[in-house]
Structure formats: structure tokens, C-alpha cells
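Take a look at the fold before reading on.

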Amino acid sequence: MRKRRKILTVSTAVVAAATLPLLISPVVSAAVSEDDDESPRVARLYAPPPDRDSYRQVARLAWRGDFRDSAGLLAMVRTPHAVWYGDETPEQVTRLVRRTARSAGWQGRLPVLALYNIPGRDCGSYSSGGADGLAAYQAWIDAVAEGIGDRKVMIVLEPDSLALLPSDCADASNAEETAVESQQPEQTAVGELPAAEESPAVEASPTELPPLPDPGAATAPPAASAASGTGEEAAQSTDSQPTDARPAAAENTAPKPPEAADPEPAASQSPDPEPSAEQPGTLPELPPLPTPDPVTPEDGSDTGDLDTPVVEDPETAARYSEINYAVDVLSALGNASVYLDAGHSGWHSVSSIVPRLIKAGIDRATGFALNVSHYQTDPDSAWYGRLVSSCLAYADEGGDPEDCAEQSWSRRHVRRWLRHHVPDDPARMKHYVTDTSRNGQGPWTPRAATHRHNDVQSWCNPPGRGLGRRPTTRTGEALLDAALWVKTPGESDGRCLRGTDGPLDPVRGTVNPEAGEWFPEQALELVRYADPAVHVFRRPHGR
């Protein structure tokens, strides 16, 4: 009798998994509506086959009678998202990419490919791996290009490869906590301080900011303060867990999402006043030192700027060679749009990321990608994307990226800089795409009372996150080519030990799945906290 009952239970679950998509397909189509515009300017995005574990979870929820969560989860996994490739052999990746491109072509859809096989990937953290050196990587990129052929694709090239260079890896293990602490007061100050205390942050006084130059001048306000994000702080982003970064929550009780952070945290900062030039009166006045003769190398090579020497380790130099090679090969395909990694608004300052993009060959790429596998809000990404694109255009005309407007400046000052230094035609500027797969509730900031670990790893399976804007190429913004789900919602970012010995995630109290594996609790959390919400029981129009 027990054996017969077990067979019946398993059979029912299998039938539920097979028939549920058919039974609620009208519901799902309403929940994940895409662009209905048939204009050639709007590309309908490709939805790859969902993870098998996700369908098992859908079936379990339906068997329990939890049809709302079951339908919401099914809507999520059937929404268009990127297909990730990395660690396959050249022969394997050619076959898999060709299969995806052909399938998308038969459906009249545009596939998004996330290529994630850069040597030294993720500083050896949860998503470690990648090709074994430059030659192996070049062969892998050639194989990807062979699989694409002349088909139309959108490529997000090597997430975190530029925002987290090998030279940043030394600080990646301990910079996360510092960066989170530096951002936390910023997020609470705007919402809690009286208006009288907020106003200096929004409108800097004339004594704090020098007057803007004439329209023809090439100078700019002081550079952003260190709190706005540097390469070292960016290392906080061990954020480099693109292929396996996703949050989690309990199936029955999900944590309450924290209050939304201020959409413009960095804008509240103002440049620090210049230090006083007065000298103590007790010191005698010294004559000026003679100017030393310039040092000329024996080999006659150019020493460059001695004030800001560029010291580049071999691994970082190889990283730039790898990205440049990929840009040249993939852009030459003709129908491939290639977007380079530019981190996100809470990681690097504009003047920090722009030189990296330039050195990686952004001039030959379609544009750059923001917020991949991260949680920054759409307004923050839009503002940061505009500033990065503007700085690239300014540098292309001979300007110094150090003079570019930063996200830490006041909006008034930024807009005046843009009027003086940025072309009016968006066609002359680099475009970008954003990842909105998990940013519905914005970034996670741990409470001070629970912030007792060495490394909070705020990027790693943070609690209370939700789905964000649905993927679309109809953005309504001149520089934004597409809002995408690059990170696959529902897949884990890794174990998330947060500086402890583990095996539990000290924030969640559970053992998280390995990076890239399905995380059932987190998947439900993303559906329940989605913004915009997943309305799974709304009847489709015309019915």
C-alpha cells in the first residue's frame, strides 16, 4: 500500500510540473508582459529554458496548493534573461552558443549572452575559475564567435572584469565593510536629517565650490571625494559574483524588505573645502627650492606623468589584452552588440571606471553594462550611466577623465558641467544596458546592531531583495539600449560566509547553495518583493 501511495504521489507531482505551465499560461503572459510594439526598433528578448530545479519547485508549490507563489515563480523563470557561458571547452561553447542563437532566431527573439570566462575570474572567490591564460581565452572567444556566426545577439562581456581588476584583488577581502559603512550614513542622512541640514549637501556654497569656467574652458570642479568610490573601494565588490550572485529567503516566511534607500545618495556629498594655506608664525620663511632637472631614462623612453605614475602588474596588463581581443573579435561579427563591464554607481567613481573602459577598447564596443548581478536602483544606474557616457565623450575629445562630473557632485553642478562639455546628440555618445533582475528593493544595508562580522558581503544573497523592472529594449531613454535580466533570478551567489568560518551564512542562518545553484528560498523572496509586483492572477486584456 505504501509503495502504491508513493508512486501516486510522484506521478501527481510530475503531472503538475508538466501541466501547470499550460494551465496558468494566460496568467503568466499577463505577469511578464513584454513589448507588443512590432517596430523594428524594439527587439523582443529571448527566454532560455528554465532551470530544472525551478520547475521542481513550481511543482512542489502547486502540489501543496500554493498556486499564487507557484504561478509567480513560473512567471519569473519564463521571463527573458541572459544565457551564461563560462568554463566550457571551445568545442562545447561553440555548440551551445549556436544552439541558443538558432533557437532565438526561430522564435524571432534577441538572445542576450553573458560571457564569463576571463582568467583570474572573481579574484578566486565564490565564482572563481576562467580560462587558463591569454591563449586559452582567445581560443575560447574565437569559439564563441564561431557559434554566433552572422546571427543577431547582445553580449554582456565579462561582468566584473574591469570593475574588479587583478590589481584590485588584494583589497577585495577587507574593503567591503569599509565601503558599506561609508555609504550607510549617506543613505540615512537624507531621509532623517532636517531640511536645514540637508540643503548644504544639495546646493554647495560658493566658498566650497570654485566658479565654473567659461564655456570654452576645459576645467571642472574638484574631483569627487574618496567616499564616492575608488578602485580600492570597488574591491569591496567582491561584488564580482555575477554568474552566481542571487539572494535567498524562506519559502513560507520571507524577511521584511528594508526601507528603500535614497535614490541619489552620492549627490548629497559636496567637495571638501581646501585646506588653509596659512603657516605657523614661529617658522622662518624659507627660500623656494630649485627646480630639479628632468630625469631622462637611459633608453630614451617616455617617463609619462611623474606625479601620477601608472604601475600595472602583469595580470592586470593581461586582463586588458584579453578584453581588447574579445572586443575586436566579437564586434567584427557585424550583428553582435558588445557591452563592457562598468560596475555600478556604488562601486567606482566616474573618473575611476572611465580610464579602464578606454583602455579595454570601449571605442570599438557598442557600450557598457551596469549593475550586473547587483542591486542599485534604476534612477541611480540611469544617472551614473549618463555621467559615464558623458565622460567618455569628453575624453574622446581630448578631455581628462579626472575633470569629469562625479556622482558625488550636486545635481546643479553636474548639469552645468554637462552643458559645457557634453555633445547634444546621443548618437555621438556610448550607450549602455542595465541589469534589473534583482534591484526591485535596491541595495541591502545591514543594520548596525547585526554588523559584527569582518566582511558583510552585501552583494552576496542579501535578504529582502525583489525582482526589478521587466526586461525590455523599449526604455524611453536615449542612452539606455535595454533593461535586462542579466543575472538569472533564483540562482545563489555562493555560500556567503561573511568573514566567518561557516558553514552557515550568519545573516540568513542557513547554508546557502554553491554559486550558480538554484536557491529556492531566495527565488520566492524575489517574487514576493518584486517591484513592480508580479500580478499573477490578473486576467489578460481582452478576456
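This is a predicted model: local features need pLDDT of at least 70, side-chain atom pairs count only at pLDDT 80 or more; totals for chains, interfaces and linings use all residues.

Residues are numbered from 1 along each chain as its sequence is written, and side-chain values use heavy atoms, with hydrogens and water left out.

**The sheet**

- Seven strands make an open sheet, in the order β1-β2-β3-β4-β5-β6-β7, with parallel pairing. Strands here are DSSP runs of E with at least two residues, helices are runs of H or I with at least four residues, and both are numbered from the N terminus. Two strands pair if DSSP finds at least two bridges between them.
- β1 (83-85) and β7 sit at the edges with a single partner strand each, so one side of each has no neighbour in the sheet.
- On average, neighbouring strands are turned by 25° against each other, direction ignored. Axes are lines fitted to C-alpha atoms, for helices over the stretch in contact, and angles run from 0 to 180 degrees between N-to-C directions.
- Helix α5 (residues 90-107) packs on the sheet, touching β1 and β2 (112-115), and its direction makes about 165° with that of β1. Contact means heavy atoms within 4.5 Å.
- α13 also packs on the sheet, where it touches β5 and β6; its direction makes about 155° with that of β5.

- In β6 (residues 431-435), 5 of 5 residues are buried. Buried means under 20% relative accessible area, exposed over 50%, and partly exposed in between, using a 1.4 Å probe and protein chains only.
- Both faces are covered, with His431, Val433 and Asp435 on one side and Tyr432 and Thr434 on the other.
- β5 (residues 367-370) runs parallel to β6 and is joined to it by 4 bridges; Gly367 stands opposite His431, and Leu370 has Thr434 as its bridge partner.
- β7 (residues 480-484) pairs with β6 over 4 bridges, again in the parallel sense, and there Thr434 stands opposite Ala483.

**Nonpolar cores**

- The largest nonpolar core has 63 residues, and Leu115, Leu157, Leu330, Leu340 and Leu357 have the most contacts inside it. Such a core is a set of buried Ala, Val, Leu, Ile, Met, Phe, Trp, Tyr and Cys residues joined through side-chain atoms within 4.5 Å.
- α13 gives this core its largest share, 8 residues.
- Another core, of 18 residues, lies apart from it and includes Val58, Val77, Trp485 and Ala523.

**Helix α14**

- Arg411, His413, Val414, Trp417, Leu418 and His421 are the buried residues of α14 (residues 411-421).
- Seen down the helix axis, they fall within an arc of 160°, so they line one face. That arc is taken from the directions from the helix axis to the C-beta atoms.
- Their cover includes α13 (378-396).

**Spots worth a click**

- UniProt, in an unreviewed entry, lists Asp160 for "active site"; annotations of this kind may be inferred rather than shown by experiment. Asp160 lies in the loop between β3 (153-157) and α7 (169-172) and counts as buried at 5% relative accessibility.
- Ser373, in the loop between β5 and α13, has a positive phi near 65° although it is not glycine.
- Cys496 has a positive phi too, about 55°.
- The peptide bond from Gly502 to Pro503 is cis, with omega near 0°, and Asp531 and Pro532 are joined by a cis bond with omega about 10°.
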